Amino acid sequence: MRVVLCNGVFDLLHVAHLRHLEQARRMGNRLVVGLTTDKSATKEKRKPIIRQFERMELLRGFKCVSDVIFCEDSLEALRLVKPNVFCKGHDYIGKGLLDAEIEYCKANNIDIRFTKANPQTTSNVIGRVKCA
């Protein structure tokens, strides 16, 4: 069984989230989403608009998602899930992964893969709503 892990906040779900998760699922037999908690997301960027239990419920509704777990960050998700593949969005090719993520994956024989580019972002959605 080839397990794929995606992680993130997944606030205000939109089509780019779905496309990312569907592409990630095709990289293995099982897709687990490490969902960043409200507390951790608030420290990193901004307070999520949709609360963590509702975000979890929405993600579990996608056919491509096998399971969703709460995590504080990607390293915790990697340690809990022990995937074969760690999948990030295409934007992380430019942003780069954390050194700790790369080291953990290398030490544990976890492939790092990226999904295709998709211009839609949660920040763009929020900007469009503010202008409406």
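On a 1 Å grid over the protein atoms alone, a pocket is an open set of points where a 1.4 Å probe fits, with protein on both sides within 12 Å along at least five of seven lines, and its lining residues have an atom within 4 Å of a point. The structure is a predicted model, in which totals for chains, interfaces and linings use all residues. Residues are numbered from 1 along each chain as its sequence is written.

The largest pocket is lined by 40 residues, and Gly-8, Lys-45, Asp-91, Tyr-92 and Lys-95 lie nearest its centre. The elements that contribute two or more residues to this lining are β1 (3-8), α1 (15-25), α2 (38-44), α4 (74-81), β4 (85-88), α5 (91-95) and α7 (122-131), helices being DSSP runs of H or I with at least four residues and strands runs of E with at least two, numbered from the N terminus. The most is given by α1, with five residues. The volume of the largest pocket is about 1,100 Å³, taken as the space filled by probe spheres set on the grid points, which are joined across faces, edges and corners.

The protein chain holds seven helices and five strands, which follow one another from the N terminus as β-α-β-α-α-β-α-β-α-α-β-α. Its C-alpha trace spans about 45 × 30 × 30 Å along the principal axes. Of the 132 residues, 45% count as buried, that is, under 20% relative accessible area with a 1.4 Å probe and protein chains only. Among contacts (heavy atoms within 4.5 Å) between residues at least 6 apart in sequence, 74% join residues at least 24 apart.

Definitions and conventions:
This is a predicted model: local features need pLDDT of at least 70, side-chain atom pairs count only at pLDDT 80 or more; totals for chains, interfaces and linings use all residues. Side-chain values use heavy atoms; hydrogens and water are left out. Buried means under 20% relative accessible area, exposed over 50%, partly exposed in between (1.4 Å probe, protein chains only).
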